[in-house]
Amino acid sequence: MSTVPDRPSLDRLEAKWDAFWQEQGTYRFDRSATRANVYAIDTPPPTVSGSLHLGSVFGYVQFDAIARFHRMRGREDFFPMGWDDNGLPTERRVQNYFGVRCDPFLPYDPAFTPPEITPPKKAQGQQLISRRNFVELCHQLTAIDEQVFERVWRRVGLSVDWGLTYATIDDRSRRVAQRAFLRNLQRGEAYAGEAPTMWDVDFQTAVAQAELEEREIQGSYHRLAFFRADGGDPVEIETTRPELLPSCVALVVHPDDDRYRDLVGTHVSTPLFNVRVPVVDHVLAKPDKGTGIAMICTFGDTTDVVWWRELELPLRSVVQRDGRFQRDIPDWLDEAGIDAWNELAGKTSQQARRRIVELLHEAGSLIGAPRVVMHQVKYYEKGDRPLEIVTSRQWYIRNSARDAQLRHTLIEQGRAMHWYPDFMRTRYEHWVDGLNTDWLISRQRYFGVPFPVWYPVDGNGEPRWDEPIVCDEAALPVDPQSAVPPGYQESQRGQPNGFIGDPDIMDTWATSSLTPQIACGWEDDPDLFARTFPMDLRPQGPDIIRTWLFTTLLRSQLEHGTLPWTNTAINGWILDPDRKKMSKSKGNVVTPERLLAEYGADGVRYWCCQAAPGTDTAADPQQMKVG
């Protein structure tokens, strides 16, 4: 005879119903449903690198409510779950969890096991292992994290079909990403090029425009004296980066600035290095900034890149990929500048800045004391040091940056889609209108989708980068670091008259931009694709409109000429009690487990569904209690 408990309890209740739903196939997708009766959701694959926070639960519960609503109206929900497990966040977690770091030049050790010690957080104490060993650890840890994430989602009561789960690094996703890339390449939409690139010196990788963020930091304006060829008064410029003086290629003024009209077309000499550089004019020069005349270096910022390209100036790079000044003496310096250069060679940018200010002061070329300012500097969104601009070979996909017709098409596609709330569309249009570079899709990292490309090596051991050997689609997915191209033997890898595999991986967004194709079975399952694509709903956060939403529209337009979905719902931010956005970097994240234990899934869901789409909402335990 059962007894009524003294007080209601959620003990084992949610686990019971989760098991029942799984056993009965309650939320299993019915493959016999026609496209007209299917409601397909492009579920955001959460980044599997640690723990879920309340903001994730907030957004997922909202679109789970939408899924349940359409299911109650008689639609057949196509509601998959994905895991976004490749890329830099996973690499960082593996480094810190196991105390290891990847060295791609080390050989694979099949007997390797992670050190059984408290893993050191700093790179100097971490054990170096081969790329293949490192990738194996990435797979090992993401498998554990995915199980933890799934338990939370099941406890929250998401009505997804767990039989449709995918991961952005599994064979299916790699095959889709590589196939889409090869077709972009075949149509001329993807290309490789040597170009100035935003570069993170700590992570040793290129960074795309969408991954940049501006941070205000303290700097100092230094006023420097350049010397006229005719011996007239020195030409004064102000700069926050005096260490880039050896890479100066010109001074620039605005064409309408009468103060410097007579200087345009003449030459001046740089202080310390005595390099002769021209004075030029360009509309991007700012007469009201500093002295109104600026030095163009290769490269201090993105404006330098524009000037260098449009004014056809020489390339004089001095900062290397590790953030240090090159040790070799630049060939544009003569004996007069070598002594000064030797004071900078091998130093970091900050070290070089301090030393060159001392040298300028000693030489009498520093005018007055440095002027302290707060200014905006570009960072990688996950980085700790300002980005440098270095010249490197990268893969790109053409977007609307240089294609007015494509820009117009993407704007019109955005307007053809239903936005909830509608004002979020403006953010999308501003992003498309503001694009100034093609989409950089390559990364110099390890755990990601490789480019399915090899290159022949000439008799001198030099790769012929302009003669790529592309993989046949039938052989995908492929890792060119371990697979051999047709007509070659493994013994020829890296040898004269042999081959090498492309060393880079795709940016994580290059895979995530294809989630509709991955989930719907593009090319792999034509019947499923016909029943589910284009999808009905893309739910997501506002911070990735410029990355995930834009790139998904771009890839769908390039491959299919259509929208990937007809509706997008943008959730708001979750705020802490001080009304600040929750962020792991700020340390104010609330994890959902305690709240789920205290108020139950339905209490938390009640609070989640009180907020309208796009509305920032503070965590409110009182509402959860009411729920």
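A pocket here is an open set of grid points with protein on both sides within 12 Å along at least five of seven lines, and its lining residues have an atom within 4 Å of a point. Please keep in mind that this is a predicted model.

Now the second largest pocket. About 1400 Å³ of space lies in it. Its lining counts 47 residues, and T240, R241, G300, D301 and H375 are those nearest the centre. Several elements give two or more residues to this lining, among them β10, α6, α8 and β16. Strand β9 contributes the most, seven residues. Sorted by class, the lining holds 18 nonpolar, 18 polar and eleven charged residues.

Is E388 buried or exposed? E388 counts as buried, because its relative accessibility is 6%, and buried means under 20%. Its side chain makes a polar contact of 3.1 Å with the side chain of R241. A further polar contact, at 2.8 Å, links the side chains of E388 and S349. Beyond its neighbours within four places in sequence, E388 is also in contact with residues including T197, W199 and V319.

In soluble globular proteins, nonpolar side chains tend to be buried together. The largest nonpolar core here has 77 residues, and F78, F181 and Y428 touch the most other members. Helix α14, residues 545-560, supplies the largest share of this core, seven residues. A second, separate core has 34 residues, including Y39 and C608. As for Y428, its contacts outside four places in sequence include I545, L549, F550 and L553.

Key
Residues numbered from 1 in each chain as written. Predicted model: local features only at pLDDT ≥ 70, side-chain atom pairs only at ≥ 80, totals over all residues. Heavy atoms only, no water. Buried < 20%, exposed > 50% of the residue type's maximum accessible area, 1.4 Å probe, protein only. Polar contact = N/O pair within 3.5 Å; in protein donor to acceptor, adjacent residues only side chain to side chain. Contact = heavy atoms within 4.5 Å. Core = buried A, V, L, I, M, F, W, Y, C linked by side-chain atoms within 4.5 Å. Helix = DSSP H or I, 4+ residues; strand = E, 2+ residues; numbered from the N terminus. 1 Å grid on protein atoms, 1.4 Å probe; cavity = no way out; pocket = protein on both sides within 12 Å on 5 of 7 lines; lining within 4 Å. Points joined across faces, edges and corners; volume = space filled by probe spheres on them. Nonpolar A, V, L, I, M, F, W, Y, C, P; charged D, E, K, R; others polar.
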